[in-house]
Each structure stands twice: as C-alpha cells, then as structure tokens.
Amino acid sequence: MKRFYDLSVATQSTPSEATPVTVELLDHRTGAIVLGLNPDDFPDGMAISNETVTLTTHTGTHMDAPLHYGPLTAGRPAKSIDQVPLDWCHGPGVRLDLRHVAAGTAITVDQLRAALTEAGHALVPGDIVLLWTGADALWGGAEYLTDYAGLSGEGTEFLVESGVRVIGIDAWGLDKPMRSMIEDYKRTGDPACLWPAHVYGRRKEYLQLEKLANLGALPAATGFEVSCFPVSIAGAGAGWTRVVATVEER
C-alpha cells in the first residue's frame, strides 16, 4: 500500500509571493449567461464554473527548466519546460536536513556532505534531492521572501556532478535570498555573487523545484519516491508542478 505526501503549496494570492496572483471567478449561474442561456435551463439552476488566473510561471510550487538559467547550456540550446525529459521527473528522493543553516547564507558542500552522512546515503545518478531548510513554516508571510538559506554555486555543482538532475528546496528560491546576493555584489563588485546556483545551470543542465512544503512530514530521509511532472508550457523557462512523495507501507 502506498502513502502519498503532498510537497506543494497551494497557488494563491499571498504576501509570500513576489508577484501578484489574481483569480477571477465565473460562478455557476453566470456561466449559463456567458453561454447565452439562463441558469434555470440547467439542472439545479446552475451551469458550470470557470476561473481566469493571472500569475507567473514561477508562482507557487514550480520547476525551473535550463532555459530559465540562460539561453545555452554547455553551448547548446537550453531546454524549455516542455522539453524536460519525463524520466528526470520521477525517482528516489533524498531529504537533506539543513534546518541548522542560518537564514541569508548559502549551503556549502561540507554542509551537504554532513547532511548526506546523517541521512546514511551516498548519492547515485537519478536521485531527487530535497533541501529541508524549514523555510516553509514562513509560508503566508512576507518573511518567506527573505528569511531562508539557499544553495551555493559550489553546492549545486557538487550535487549535479554526483548525478542529481533535480534539486528541490522548501524556500522561495534555490539561491540564497535576493537581498543577500545583491548586498554581496554591491560590497565586492563580483558578478559571481548573483544567482550562482542558477547560473551553474549554464554549464550543465539540471532542474530546480522551488517552494516545496511538508518535507518534515516524510517519515525518513530516504525510502520514498518523488514525482514532479511540470505543466508543459511551450517555450517557457518554468512550469507549475504538483510535487508528491510516495512511500510503500507494509
């Protein structure tokens, strides 16, 4: 018997989103009028409803495709979200406990190695790595945009070079907070401070899952499968994704 764990947030208007989300409802009675009929023409006096949603491809839980990082990956055209191989989007999950890493800082290779040791796991190609920072506890407030730890460029390279094609995080973004990166850049003048985890994807292709949730509900660091199939939007750099973990229970 399989148990399912929803690792996604609900798409909605919230201070935790950096861009507006609007949902315009066409209710059941108005739906009849749009069709040129009257509500009473339908059973129970109701037609069918609809919603018009305005949002970005990075709203809610979503997957970033290589095209989001830049137009080329290793000198070849970067994959858009509709070109992502489906077999990359399902595989064994590995949850790395990084809740001790301070907000506003970047997760290092040493911290990843220590988390893997704690999990008792050696990475194998095809693992889907989920970074458990605890930032999802802030979902719903503006602090979610700023108070979390992200992944360093070196950490991204370490995971991808180990065969990982999908890296997820329970925070607003995979890199450390935007404000922290920009402050680093203004202090040093070094462009390598800006979105290093994303920019690494120009060298070798990989996928990001951002705005995960409920990683603490998983019963263990390993022993589960992850499904993370994105909505196929032609030519887009990201797509909304319902991320689900499954555990085989006996």
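**Entry 1: Asp44.** I started with Asp44, which is exposed because its relative accessible area of 71% is over the 50% cut-off. I noted at once that I was reading a predicted model. Where does Asp44 sit? I found Asp44 in the loop between helix 1 (28-34) and strand 3 (50-54). Then I checked its backbone. The phi of Asp44 is positive, about 65°, although Asp44 is not a glycine.

**Entry 2: Ala74.** I looked up another residue with a positive phi. Ala74 is not a glycine either, and its phi is near 50°. Ala74 lies in the loop between strand 5 (72-73) and strand 6 (76-77). Is Ala74 buried or exposed? I read a relative accessibility of 57% for Ala74, so it counts as exposed.

**Entry 3: the whole chain.** I stepped back to the overall picture. I counted 6 helices and 15 strands in the protein chain. The radius of gyration is 20 Å, close to the 18 Å that the globule rule gives for 250 residues, so the chain is as compact as a globular protein of that length. Along its principal axes, the C-alpha trace spans about 65 × 55 × 35 Å. I also looked at burial: 44% of the 250 residues count as buried.

Next came contacts. I took those between residues at least 6 apart in sequence, and 75% of them join residues at least 24 apart.

The accessible surface comes to about 12400 Å², and carbon and sulfur atoms hold 55% of it. For charges, I noted 19 positive and 31 negative ones. Their mean positions are 6 Å apart.

**Entry 4: strand 9.** I moved inside, to strand 9 (128-132). How many of its residues are buried? I found that 5 of its 5 residues are buried.

Then I asked which strands pair with strand 9. Strand 7 (residues 90-97) pairs with strand 9 in the parallel sense, over 5 bridges.

**Entry 5: helix 4.** I went on to helix 4 (residues 153-161). Its buried residues are Gly153, Gly155, Thr156, Phe158, Leu159 and Val160. What covers them? I found that the cover includes helix 3 (109-119), strand 9, strand 10 (150-151), strand 11 (166-169) and helix 6. After helix 4 comes Gly163, with a positive phi near 100°.

**Entry 6: His198.** Helix 6 was my last stop. I located His198 in helix 6 (residues 196-200). His198 counts as buried because its relative accessibility is 9%, under the 20% cut-off. Which residues does His198 touch? Leaving out residues up to four places away in sequence, I listed Asp64, His68, Tyr69, Asp175, Tyr206, Gln208 and Glu210.

Key
Residues numbered from 1 in each chain as written. Predicted model: local features only at pLDDT ≥ 70, side-chain atom pairs only at ≥ 80, totals over all residues. Heavy atoms only, no water. Helix = DSSP H or I, 4+ residues; strand = E, 2+ residues; numbered from the N terminus. Rg over C-alpha atoms; globule rule 2.2 N^0.38 Å. Buried < 20%, exposed > 50% of the residue type's maximum accessible area, 1.4 Å probe, protein only. Contact = heavy atoms within 4.5 Å. Areas by Shrake-Rupley, 256 points an atom, 1.4 Å probe, with all protein chains shown as cover. Lys, Arg positive; Asp, Glu negative; His and termini not counted. Charge placed at Lys NZ, Arg CZ, Asp CG, Glu CD. Pairing = 2+ DSSP bridges.
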